[in-house]
Amino acid sequence: MQVYLPIAEVSVNIFLLIGLGTLVGILSGMFGVGGGFLMTPLLFFIGIPPAVAVATEANQIVASSFSGVLAHFKRRAVDLKMGIVLLIGGLLGASVGVYVFKILKEIGQVELLVTLCYVVFLGIIGSLMFFESLSAITKQNRPQKNIKIKRHTWVHRLPLKMRFRTSNLYISAIPPFVIGIVVGVLAAIMGVGGGFIMVPAMIYIIGMPTKVVIGTSLFQIIFVTAFTTIMHATQNYSVDALLAILLILGGVFGAQIGVRLGVKLKAEQLRILLSMIVLCVCFKLVFDLLITPDEYYSIMVDIQK
Amino acid sequence: MIRIINLILFTIVINSTAQANDLIVGGLSSKNISINTTFSGSDIFIFGSIKRNNNKEIIPSDIIIEVLGPKTNLTVRKKKKMFGIWVNSDPYKIIDSPSFYSLIYTDEPENILSDTQLAKTLIGKEQFFRSKNLQEGYFDAVNANIRIKSKDGSYLFNNDPITLKGETLFSARVSLPANLTEGDYETKIHLVQNNRIVTSYIDFIKVRKIGVEKWLYNTAHEEPLFYGIFSIFLALFFGWGASTLFRRFQK
């Protein structure tokens, strides 16, 4: 059954969309990741215009992070003060990101920008994860060295120090603010939550305790992606509510299956599987940039005011 | 057949040049197309007859049918290889390009119309090249537009030929694709005799979005702030609703 998406203005099979939502939902449930970084490129591959894919994915992430944030609030695993600093940076970053997106859309380069961002990020993260989990599997029997997180780094010499009680930290507000900006820009340009950047940064750069990291990052993600959705809706008219709903329905269903599947697999196996999926998507994007296109021309209908 | 005849909306086009000339009577199987969420294209049947007013002789006749969608302005970009990757460059602006065009005939317009008639009526691919844009590569871009739109079913060049019965009755089919632009689609049936168009029957197909489709599209473009906030709450509602349902279902 075909469904006509009102904003994307393409007719797509409804089961393909729900299936895609389910597939990415399974992966996100299995690996505990947001899944935006997989969903957006998959939407390009099935013919959704990149501008619509990015904006709609931001909308979907709002829904998929919602129940997670509530659960973490109940467990008091959200550092609200840190979350707000990250959020202020995030809103600033998202504004800049949507502005850049709009300009590049007008000059016809937005597809290139989004693709290049994906190639860079998926390439780096996929290969890091792949080699790390590969070495973890081969060195399984040897005793693991404890990685020491340095307690006093350059981060602690920065001004504007603030006390974050929940995280038990007294550090400068600049690093979380800057991290927030980076994540905001990525949310606007790539249609991702940015957890894959933010979580490691919170642990290794800010030095937050792991138990509050996920809740605090979800708190930032839900507001930044909501803001990004509104910005894309008002600046680029590219949020497809119908597409978002179909992906959400599939995603919710898939996540439940994914969580059950994830329990049955070992952590290293899970990570190596995820890294291989990430690298496959990355190679497909690179391949599309390199091969000679069948059609050299592309058409865009000018928006009439 | 009786159904088709019933559907015919008889309209007589009065020919201004001469009373004794042949006329065309035409009709459309449907004058309104509604785009809803499950719209996946629609077939329109065009039919009619040549009304012979000249009793002395039967003049050999040809029929040309055109369906023109609303005109839009386009930006066409060509990909070029830069630093090893394919990148968009060179934008071309095409003004007033029909979003849909279908041309059906009993014989090629080039064979049955004189050159002056062709230049005047702009039937067929002629109309795409009337611009006086002198930008280098502009005509390649126009050709690319025709090629791409022919591929996705927006431009149809005699894909389903006209059947002409007994030199009078004719019928044709136009397959409208799923990605239709809203607006009035001008349908023209031309009667060609002696290398010129003697009369034309003109009617319109109204293509409109309806229901949820219409509401979402209009709100997104007219009230974008409200639409953005609405999309967020809609997403939250569906996400929360689906997971609640799922959990209850498992218990």
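Select Gly166(B) in the hairpin of strand 9 and strand 10 of chain B: this residue takes a positive phi near 50 degrees, and the hairpin has three residues between the strands. Strands (E, at least two residues) and helices (H or I, at least four) are DSSP runs, numbered from the N terminus. The model is predicted: local features need pLDDT of at least 70, side-chain atom pairs count only at pLDDT 80 or more, and totals for chains, interfaces and linings use all residues. Residues are numbered from 1 along each chain as its sequence is written, chains are lettered from A and ligands numbered from 1 in the order in which they are written, and side-chain values use heavy atoms, leaving out hydrogens and water.

Next, show strand 9 (residues 163-165) of chain B, which pairs with strand 10 in the antiparallel sense over three bridges; pairing requires at least two DSSP bridges between two strands. Thr163(B) stands opposite Ser171(B) of strand 10.

Buried means under 20% relative accessible area, exposed over 50%, and partly exposed in between (1.4 Å probe, protein chains only).

Finally, move to chain A and select Ile84(A), in helix 4. Ile84(A) counts as partly exposed because its relative accessibility is 40%.
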